[in-house]
Amino acid sequence: EWFVYESTKWRLQPIAAEEDADKARAARKQRNEKIVDLAQKAVGLVHDKPEKNRVFQTAIRHLIDARLQLALAGEKDHIDAMYDDAAALAKRDPQSHVAAEAARALVELAYINASKSIQKDDTAWLQEFAILATHFATQFPREEPRSAHLLFTAAQSCENYGLLNEAMNCYATILE
């Protein structure tokens, strides 16, 4: 519980307004890496204790959010770790709220990266967005309101960039 408390404090701590963008970026990176460290320690201590499920879920949420921020900043290790975390959480309890949140965070990562890379005529992240949105919708049917929106966005984006098979898969999943 102490590790979750500390990670919460770090999450709520504002980043000092830095005029230097590099210093601000470094401060955000340091904060998120500290949150990852604290959250991982909490998870390690309570993952096998059902009576500490609330602590586990909170630590996982902190971990997911911090890793997402690091991944969006281009930290490849954290991109890979997000995929690993999502797979581990789905294996642990495929219908849990934290498994759904980890999968949703991957979709968000792909969406944001797709938005950035499309401007450079690179559609790899857009294809990943369509795949992850489809996976999210099929694996977490209780998340239908969010998944329908994600699928529709992925389908339209794919269609706009000539990825017709991906667009059709997303539209078909919406119909299902």
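Contact means heavy atoms within 4.5 Å of each other. The model is predicted: local features need pLDDT of at least 70, side-chain atom pairs count only at pLDDT 80 or more, and totals for chains, interfaces and linings use all residues. Residues are numbered from 1 along each chain as its sequence is written, and side-chain values use heavy atoms, with hydrogens and water left out.

**Exercise 1. Find what share of the contacts in the chain between residues at least 6 apart in sequence join residues at least 24 apart, and state the secondary structure.**

Step 1. Of the contacts between residues at least 6 apart in sequence, 58% join residues at least 24 apart.

Step 2. The chain has eight helices and zero strands, where helices (H or I, at least four residues) and strands (E, at least two) are DSSP runs numbered from the N terminus.

**Exercise 2. Compare the radius of gyration of the chain with that of a compact globule.**

Step 1. The radius is taken over C-alpha atoms, and the globule rule is 2.2 Å times the number of residues to the power 0.38.

Step 2. For 176 residues the rule gives a value near 16 Å; the chain has 17 Å, which agrees.

Step 3. The C-alpha trace spans about 50 × 45 × 25 Å along its principal axes.

**Exercise 3. Check the length of helix α5 and say how much of α5 is buried.**

Step 1. The expected span of a helix is 1.5 Å times one less than its number of residues.

Step 2. Helix α5 (residues 97–118) has 22 residues and reaches 31 Å from its first C-alpha to its last, close to the expected 32 Å.

Step 3. Buried means under 20% relative accessible area, exposed over 50%, and partly exposed in between (1.4 Å probe, protein chains only). In α5, 16 of the 22 residues are buried, while buried residues make up 41% of the 176 in the chain.

**Exercise 4. Identify which helices the buried residues of α7 pack against.**

Step 1. Helix α7 covers residues 144–160, and its buried residues include Leu150, Leu151, Ala154 and Cys158.

Step 2. The buried residues of α7 pack against α5, α6 (124–139) and α8 (164–175).

Step 3. After α7 comes Gly162, with a positive phi near 80°.
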